[in-house]
Amino acid sequence: MPRQFSTIQKCAFGFAALFLGVYLLDYVPGVMDANGKMFGLFSMTRIVDIGHLALGALALIAGFWSASVSRVYFWLLGFWYTIDVVVYFVDHLHSM
């Protein structure tokens with residue numbers, strides 16, 4: 001009997017596809033410019049690559065595990081990105 005996934009698990013699969021897709025785009029010829037920017041906009045470093053790969057893999061695991069684990073994944077993802085935005089804002093405050 002096929003397994004039924006909840007809505008939040010399907011969202012986790014969507015985020016896994018998004019993060020893993022961004023990770024894989026880094027290795028497609030023509031996507032990265034000479035300055036190491038994806039599409040000429042986003043700085044991509046090795047640590048950013050590892051982050052996208054890790055977040056994509058965790059989303060995939062959480063999606064297959066259960067709805068409650070997927071919910072925890074999204075809470076932690078939101079917390080992590082909140083910290084990322086605050087650090088970016090504080091770091092670039094002088095140039096805004």
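User: Is D26 buried or exposed in this model, and why?

Analyst: Burial is read from relative accessible area: under 20% is buried, over 50% is exposed, and partly exposed is in between (1.4 Å probe, protein chains only). D26 counts as buried because its relative accessibility is 12%. This is a predicted model, in which local features need pLDDT of at least 70 and side-chain atom pairs count only at pLDDT 80 or more, while totals for chains, interfaces and linings use all residues. Residues are numbered from 1 along each chain as its sequence is written, and side-chain values use heavy atoms, with hydrogens and water left out.

User: Where does D26 lie?

Analyst: Helices (H or I, at least four residues) and strands (E, at least two) are DSSP runs numbered from the N terminus. D26 lies in the loop between helix 1 (7-25) and strand 1 (37-38). G36 is 10 residues from D26 along the chain, and 9.5 Å separates their C-alpha atoms.

User: What class does A57 fall in, and why?

Analyst: A57 has a relative accessible area of 32%, so it is partly exposed. This residue belongs to helix 2.

User: Why does L93 count as partly exposed?

Analyst: L93 is put in that class because its relative accessibility is 48%. L93 sits in the segment after helix 3 (67-91).

User: What volume does the largest pocket have?

Analyst: About 530 Å³. A pocket is an open set of points on a 1 Å grid over the protein atoms alone, with protein on both sides within 12 Å along at least five of seven lines; lining residues have an atom within 4 Å of a point. Volume is the space filled by probe spheres set on the points.

User: Which residues lie nearest the centre of the largest pocket?

Analyst: S43, V48, H52, Y81 and D84, out of 14 lining residues. Strand 2 (42-43), helix 2 (46-65) and helix 3 each supply at least two residues of that lining. Helix 2 gives the largest share, 5 residues.

Note on methods. On a 1 Å grid over the protein atoms alone, a cavity is a set of points where a 1.4 Å probe fits but cannot get out, and a pocket is an open set with protein on both sides within 12 Å along at least five of seven lines; lining residues have an atom within 4 Å of a point.
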